[in-house]
Amino acid sequence: MTTEIRKRNIIKRRMPIDPLRLQGFVKRLFARLGCKLSIVAVEISTEDKILAGAQGVNFLIPFGKIKISRKLLDLLSNTEIEWVLAHEVAHIYLNHLVGTVSFAVARALAEDEARKDTNFKMLLRVWDCFKLLTFVGGTLPPSAALIKDQELDADALAVFLTRNKASARSALLKLTGNKPGVASHTWEVLSMPLPVMTIRERLSALHIRSPQQIKKG
Ligand SMILES: [Zn+2]
């Protein structure tokens, strides 16, 4: 690569990304999924983190917010950004928030009960030890298994929407600094963060998971 081309690329990479353009892209993705109307805002965060996330539900119409950090936008190419946005669109379209919040609320209620009742607290800790043991044996607990399923579904639907498996691969690798063995999402038991899966598992699933297998929540 000549110095001149390299300079041009740097300038191109630093061009500001218009949030309205990203929002228009998200709207078109929902339309492709049959949602003629959608109210999903795209927010570019200035946090010093490489992150993207969705908070939204799909009751009658998709509604919510997709957050993507400036740092992530700077890291990814245009087609990789499109795949990440499609992944977040999939989370909202498939109503994934409902499932994860249900588990979080159930756990919070159980912890609250445990603070008042020592017998219940002991029972909860036994349940946690059981979860840890089954994890060591190779089985994820229900809450972590749900996260894994949701992520793989969102990946598959995003590939279907963007028709671009190569960008899915490269985006996932860039997110981890090209280390496919690192954890993608974690769950916690007895104050220990444990991996839900590795990025390598997500990359492998891109080749075997089809949109037909996806269940809408
Ligand atoms: Zn996700």
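Two strands are taken to pair if DSSP finds at least two bridges between them. In the predicted model described here, seven bridges join strand 1 to strand 3 (residues 61–69), and these two strands run parallel. Within strand 3, F63 is the residue that stands opposite I39.

Strand 2 (residues 52–59) contains G56, which is buried because 21 other C-beta atoms lie within 10 Å, the criterion for a buried residue being 20 or more. When residues up to four places away in sequence are not counted, G56 touches V40, P62, F63, G64, K65, I92 and L97. The C-alpha atoms of G56 and N95 are 7.5 Å apart in space, although 39 residues separate the two in sequence.

Helix 4 (residues 78–93) also meets helix 8 (residues 165–175), the two axes coming within 9 Å and crossing at roughly 85°. Helix 4 is therefore roughly perpendicular to helix 8, since angles of 65 to 115 degrees are classed in this way. On the side of helix 4 the contact involves T79, E80, W83 and V84, which meet S167, A168, S170, A171 and K174 in helix 8. Classified by residue type, this contact of helix 4 with helix 8 has four nonpolar, three polar and two charged residues.

Regarding confidence, the mean pLDDT of the protein is 87, and 92% of its residues reach 70 or more. Confidence is highest in helix 4, at a mean of 96, and lowest in helix 1 (residues 3–13), where the mean is 47. Over residues 5–12 the pLDDT stays under 50, and for this stretch the model has one contact beyond four places in sequence. Where pLDDT is low, the predicted coordinates should not be read in detail.

Technical notes: Residues numbered from 1 in each chain as written. Predicted model: local features only at pLDDT ≥ 70, side-chain atom pairs only at ≥ 80, totals over all residues. Axes fitted to C-alpha atoms, helices over the stretch in contact; angles between N-to-C directions. Helix = DSSP H or I, 4+ residues; strand = E, 2+ residues; numbered from the N terminus. Parallel < 35°, antiparallel > 145°, perpendicular 65-115°, else oblique. Contact = placed C-beta atoms within 7 Å. Nonpolar A, V, L, I, M, F, W, Y, C, P; charged D, E, K, R; others polar. Buried ≥ 20, exposed ≤ 12 C-beta atoms within 10 Å, placed from the backbone. pLDDT = per-residue confidence, 0-100.
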